[in-house]
Structure formats: structure tokens, C-alpha cells
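Reader: I have a structure to get through and I'm new to this. Can we take it piece by piece?
Author: Fine. Here it is.

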Amino acid sequence: LLYRPADYATVQAIVGVLSAVATLGVGALLHYLETLFPYDRLMLYVFPIAALFLLTAGITTLLYRPVFTKEEKKEASNQKQKEKRVSAVEIFRRPVFYLLLPANLLRGFSSGVVTVFAAIAISFGFGTELSARMISLSAVANFVACLLFGIAVRYVSPRLPILIGSLCFLTLPLCFLGSPTLFLLSYTVVYFGRGVVDVAVPSLLLYAVDEKIAGPYNAWRMILHTGGSLLATA
């Protein structure tokens with residue numbers, strides 16, 4: 001609703017790059033602060049600050065305005081008034097929903113696995129220094145993922161980046177070999193793959209999903225995604 005469809009993938013890539021740069025800066029800051037304060041005490045302050053930032057981002061989203069011209073905005077408004085509210089049953093009956101249901105659930109599961117990598121590292125006895133380094137590596141991986149996707153999407157369908165990003169998860173078993181270097185390598189490759197998939201899937205669904213059901217469809221898609229993540233973390 002905010003961007004023209006032709007610009008959406010590029011905007012997604014740019015946002016991902018900017019986010020990765022910010023994360024890289026935060027990672028460096030945390031790595032420095034860890035040398036001054038105990039890790040557990042530091043996190044007591046970092047978590048509420050992160051929550052406040054996320055809340056601020058949510059409020060900022062309410063201030064977004066469409067980039068359309070007045071004519072395009074008027075036409076979209078008239079079209080929206082004519083549309084009927086779509087029921088959940090109607091969405092469930094769409095092939096684009098039930099055929100992609102396993103993919104959305106399993107993608108959420110894979111994403112949930114990535115979120116507990118730091119806990120896995122500590123359980124392997126690698127220490128908090130490696131966990132802090134993971135923040136910087138994840139930012140670099142996400143930066144490269146979004147940058148490469150932003151370039152590639154001009155020439156190929158998002159399907160190919162999704163496939164490549166998914167295959168990156170095949171390096172996951174390297175984590176269990178007991179080597180900190182291999183653990184970080186696997187984590188970086190997996191996070192890169194996750195970053196590619198996360199930015200490519202919405203860009204592809206923009207064309208695969210009927211605009212009339214896009215809002216509720218993506219809400220249900222993310223319910224599946226989040227459900228898969230909860231399964232993984234559990």
C-alpha cells in the first residue's frame with residue numbers, strides 16, 4: 001500500500017542494508033561494553049532499551065504515507081471502498097495459501113532455530129565473547145544478503161534467491177563439530193541464507209497473492225511463520 005509494486009523489492013533490499021549497518025554498529029558497541037560490564041548485568045539494560053526502540057519503530061510506522069500521486073491515491077481509495085471484506089475461510093481455500101502452508105510453517109521453524117544460536121553457543125561452552133561476535137557477523141551476513149538481492153532482483157526472479165538462501169541452511173551441521181571457527185562460519189552462512197529468504201519471499205508474494213486478500217493473507221502467513229518459530233525455540 002505504501003510503495004509501487006515495481007519498487008518494492010528494491011526498497012526491501014535498501015531497508016535491509018540500512019538495518020544491517022545499524023546492527024553492525026550495535027554489535028561493536030556491545031562488544032566494547034562487555035569489556036567494561038558483566039554480560040548478564042549488561043543485558044538487563046540492553047533488553048529494555050531494545051524493546052523501547054522496537055516500540056518507537058512501531059509508532060513510526062503509523063506515520064508512513066504512500067508515495068503515490070494524488071490521482072493514484074484517489075483511484076486506490078475508490079477501489080478500496082468497492083472491495084468486500086474477505087473472510088478467513090475464503091483465504092484458506094486459496095491455493096496460494098494451502099499450497100504454501102508447509103513452506104511458511106517450516107520457514108518459521110528454520111528462522112526460530114537461528115534465533116537461539118547464541119543459547120546453543122553458550123551451551124557448547126564457547127563463552128559470551130563468541131556470542132557477542134555473532135551479532136557483528138549476523139549484521140555483515142544480512143548486509144551482504146540484502147545488497148546482493150537488491151542487485152540480483154533486477155535480473156532474476158526472487159525464486160532463485162529463495163532457493164539459494166534455503167540451501168545455505170545445509171551448512172547447519174557444521175555447528176556440532178565442536179570448533180568455534182566452524183560454528184561461526186555455519187552461523188554466518190545460515191544467517192546469510194535467512195536474510196536472503198526473508199527479503200525475497202515478500203517480494204515474490206507481491207505478485208503471487210491477489211491484492212484483494214494481501215492484508216489478511218500476509219497476517220495468516222506470519223501466524224504460521226511465528227508458530228513455526230515458537231515450535232523451534234521450544
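This is a predicted model: local features need pLDDT of at least 70, side-chain atom pairs count only at pLDDT 80 or more; totals for chains, interfaces and linings use all residues.

Reader: Where is A9?
Author: A9 is in helix α1, which covers residues 5-33. Helices here are DSSP runs of H or I with at least four residues, strands are runs of E with at least two, and both are numbered from the N terminus.

Reader: OK. Is A9 buried or exposed?
Author: A9 is buried, because its relative accessible area is 13%. Buried means under 20% relative accessible area, exposed means over 50%, and partly exposed is in between, with a 1.4 Å probe and protein chains only.

Reader: What does A9 touch, apart from its sequence neighbours?
Author: With neighbours within four places in sequence set aside, A9 has contacts with F149, V153 and S203. Contact means heavy atoms within 4.5 Å. The C-alpha atoms of A9 and G150 are 7.0 Å apart, although 141 residues separate the two along the chain.

Reader: Zoom out. How many helices and strands are there?
Author: The chain has eleven helices and zero strands.

Reader: And what box does the chain fill?
Author: Along the principal axes, its C-alpha atoms fill roughly 60 × 35 × 35 Å. The chain has 234 residues, and 29% of them count as buried.

Reader: What about contacts over the whole chain?
Author: Take the contacts between residues at least 6 apart in sequence: 82% of these join residues at least 24 apart.

Reader: And the charges?
Author: There are 19 positive and 12 negative charges, and their mean positions are 6 Å apart. Lys and Arg count as positive and Asp and Glu as negative, while His and the chain ends are not counted. Each charge is placed at NZ of Lys, CZ of Arg, CG of Asp or CD of Glu.

Reader: New topic: α6. Which of its residues are buried?
Author: In α6 the buried residues are N104, R107, G108, S111, G112 and V114. They cover an arc of only 155 degrees around the axis, so they are on the same side of α6. The arc is that of the directions from the helix axis to the C-beta atoms.

Reader: Why would residues in a helix line up like that?
Author: An α-helix has 3.6 residues a turn, so residues three or four places apart point the same way.

Reader: What covers that side?
Author: The cover over the buried residues of α6 includes α7 (117-123), α10 (180-208) and α11 (214-233).

Reader: How does the span of α6 compare with what it should be?
Author: Helix α6 covers residues 101-115, and its 15 residues at 1.5 Å each should span 21 Å; the end C-alpha atoms are 21 Å apart, which agrees. The expected span is 1.5 Å times one less than the number of residues.

Reader: Last one. What does I162 touch?
Author: I162 lies in helix α9, residues 159-167. Leaving out neighbours within four places, I162 has contacts with V197, A200, V201 and L204. I162 counts as buried, at 18% relative accessibility.

Conventions
Residues are numbered from 1 along each chain as its sequence is written. Side-chain values use heavy atoms; hydrogens and water are left out.
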